[in-house]
Amino acid sequence: MTITHASFVTLPVSDQDRALRFYTDVLGMTVTADRDMPQGRWLQVAPEGAQTVFTLSGPGMGGFEPGSARGIMLVTTDVDADCARLAEAGVSVQGPDELPWGRMAAFTDPDGNGLMLLTEKEGF
């Protein structure tokens, strides 16, 4: 096998503009692609420097159910500060909690896709 990385993760959303505002304004990601395709708008965002991007898949793009993505782990250097910023933006956050592998919190995007923040424990 010669796989080097995941290209993208699909996040099914009901309103791409609303999702775009959340992922850029609240989470600080940048737009990596935004173009019209025959089947709909191809919209992707990513954290600065990331190899894997998130496709904000709207209605008509693959038949995905908005809010059905779960377990998307975002690594951060300061989960506590990021949780405070999310709360200030009106996002409900569970945690952060101290776990054997680091400090972790959970939240959802406006469509209910499940995301987690993790500050990894050194050496784990």
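Q: Which residues form one aromatic cluster?
A: In this predicted model, Phe22, Tyr23 and Phe107 form one aromatic cluster. By the pairing rule, the count comes to 3 aromatic pairs.

Q: Why is the pair of Phe22 and Tyr23 called edge-to-face?
A: Two values decide this. The ring centres of Phe22 and Tyr23 are 5.2 Å apart, and the rule asks for centres within 6.5 Å. Their planes stand at 85 degrees, and planes over 60 degrees apart count as edge-to-face. The pair is therefore edge-to-face.

Q: What makes the pair of Phe22 and Phe107 tilted?
A: The angle between the planes is 50 degrees. Stacked needs under 30 degrees and edge-to-face needs over 60, and the rest count as tilted. The centres of Phe22 and Phe107 are 6.5 Å apart.

Q: Why does the pair of Phe22 and Phe107 tie together parts that are 85 residues apart in sequence?
A: Phe22 lies in helix H1, while Phe107 lies in strand S7 (residues 102–108), so the pair links these parts.

Q: How do you know whether Phe107 is buried or exposed?
A: Its relative accessibility is 2%. The cut-off for buried is under 20%, so Phe107 counts as buried. Across the chain, buried residues make up 34% of the 124 residues.

Q: What stands opposite Phe107 in S8?
A: Leu115 does. Strands S7 and S8 (residues 114–120) run antiparallel, joined by 7 bridges. Two strands pair if there are at least two bridges between them, so S7 and S8 pair.

Q: Why are S5 and S6 at the edges of the sheet?
A: The open sheet has 4 strands in the order S5-S8-S7-S6, with mixed pairing. Strand S5 (72–75) and strand S6 (93–99) each have a single partner strand, so one side of each lacks a neighbour in the sheet. On average, neighbouring strands of this sheet are turned by 25 degrees against each other, direction ignored.

Q: How do you know that the radius of gyration agrees with a compact globule?
A: For 124 residues, a compact globule would have a radius near 14 Å. The chain has 15 Å, which agrees. Its C-alpha trace spans about 45 × 40 × 25 Å along the principal axes.

Q: Where is confidence lowest, and where is it highest?
A: Confidence is lowest in strand S3 (residues 40–46), at a mean of 95, and highest in helix H1 (residues 16–26), at 98. The chain averages a pLDDT of 95, and 100% of the residues score at least 70.

How values were computed: Residues numbered from 1 in each chain as written. Predicted model: local features only at pLDDT ≥ 70, side-chain atom pairs only at ≥ 80, totals over all residues. Heavy atoms only, no water. pLDDT = per-residue confidence, 0-100. Helix = DSSP H or I, 4+ residues; strand = E, 2+ residues; numbered from the N terminus. Phe/Tyr/Trp six-rings, centres within 6.5 Å; stacked < 30°, edge-to-face > 60°. Buried < 20%, exposed > 50% of the residue type's maximum accessible area, 1.4 Å probe, protein only. Axes fitted to C-alpha atoms, helices over the stretch in contact; angles between N-to-C directions. Rg over C-alpha atoms; globule rule 2.2 N^0.38 Å.
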